[in-house]
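The sequence and structure come first, and the description follows.

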Amino acid sequence: MSINLFDLTGKTALVTGGVHGLGMAMAKGLGHAGAKIVVNDRASRETVDQAVAEYKSVGIDAYGYVFDVTDEAAVIENIQKIEAEVGPIDILINNAGIIKRIPIIDMEVADFTAVVNVDLISPFIVSKNVAKGMIQRGGGKIINICSMMSELGRDSVSAYAAAKGGLKMLTKNMATEWAKFNIQTNGIGPGYFATSQTAPIRVDGHPFNEFIISRTPAARWGDPDDLQGAAIFLASKASDFVNGHILYVDGGILATIGKPSNE
């Protein structure tokens, strides 16, 4: 009985931006739990096809679509295609995101807006249009990928922090409005993970590598697969009475003020 709570067989999951990195890791977790996986990217058909091939190589039933999650007309068109060609979307992970590391005083409005459009406005666009079908069908799961920057600031990430802080509150408001329709809306806030993007700084002697290891109670970077359990939990029947929660998967960073300098 308890194992069945995490079974996603027969479910269809849309993971925006799930063509690489943490999005792919979470999508693989859902796929191995039995879900059909749909991923998108706005860049190219080739990128999407390569991702779909990787999913299929590990036995996951996967599909790919090319569209821009900030373009509502394109979102509506492709949701209709996905639901006609693959199946009704039971699970949505709003994972697509960008970051621009520019100090506030030097940041152009266009750069700030570009980050907010992808990281905050696109989850609003995709969620509201997927939720319409979920409401008609009597339920669903929405997972917004937040961040430790939903809680903390950091130099040169003002737009990202503003968007992820807003996404935390959007998650809570979605839960407030949609829980009565048996839709559970929650978030995942990843800590610092070992991905291809962080590889250049994850070397002995690099100041940021040393900072993350010393700042994290678990004393390591996260493995992308560490996110799979959280994603499966929030996508499955096991979380049917969990709503408006942000699950931080950060090795304990947000739990502590850090070590004293003399320790």
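## Terms and basis

A salt bridge is taken here as a side-chain nitrogen of Lys or Arg within 4 Å of a carboxyl oxygen of Asp or Glu. The model is predicted, so local features need pLDDT of at least 70 and side-chain atom pairs count only at pLDDT 80 or more, while totals for chains, interfaces and linings use all residues. Residues are numbered from 1 along each chain as its sequence is written, and side-chain values use heavy atoms, with hydrogens and water left out.

## The parallel sheet

Seven strands form an open sheet with parallel pairing, in the order S3-S2-S1-S4-S5-S6-S7; strands (E, at least two residues) and helices (H or I, at least four) are DSSP runs numbered from the N terminus, and two strands pair if DSSP finds at least two bridges between them. Strand S3 (62–66) and strand S7 (246–249) stand at the edges with a single partner strand each, so one side of each is left without a neighbour in the sheet. On average, neighbouring strands are turned by 20° against each other, direction ignored, where axes are lines fitted to C-alpha atoms, for helices over the stretch in contact, and angles run from 0 to 180 degrees between N-to-C directions.

Strand S1 (residues 12–16) and strand S2 (residues 36–41) run parallel and are joined by five bridges, and alanine 13 has isoleucine 37 in S2 as its bridge partner. Helix H3 packs on the sheet and touches S1, S2 and S3, its direction making about 155° with that of S3; contact means heavy atoms within 4.5 Å. Helix H2 lies across S2 and S3, running at about 170° to S3.

Eleven salt bridges are found in a search of the whole structure. One of them pairs the side chains of lysine 28 and glutamate 54, at 2.9 Å from N to O. Because lysine 28 lies in helix H1 (residues 21–32) and glutamate 54 in helix H2 (residues 45–57), the pair ties together parts that are 26 residues apart in sequence. Lysine 28 is buried at 18% relative accessible area, whereas glutamate 54 is partly exposed at 36% (buried means under 20%, exposed over 50%, partly exposed in between, with a 1.4 Å probe and protein chains only).

Arginine 137 forms a salt bridge with glutamate 83, with the closest N and O atoms 3.4 Å apart. Arginine 137 belongs to helix H4 (residues 109–137) and glutamate 83 to helix H3, so this pair ties together parts that are 54 residues apart in sequence.
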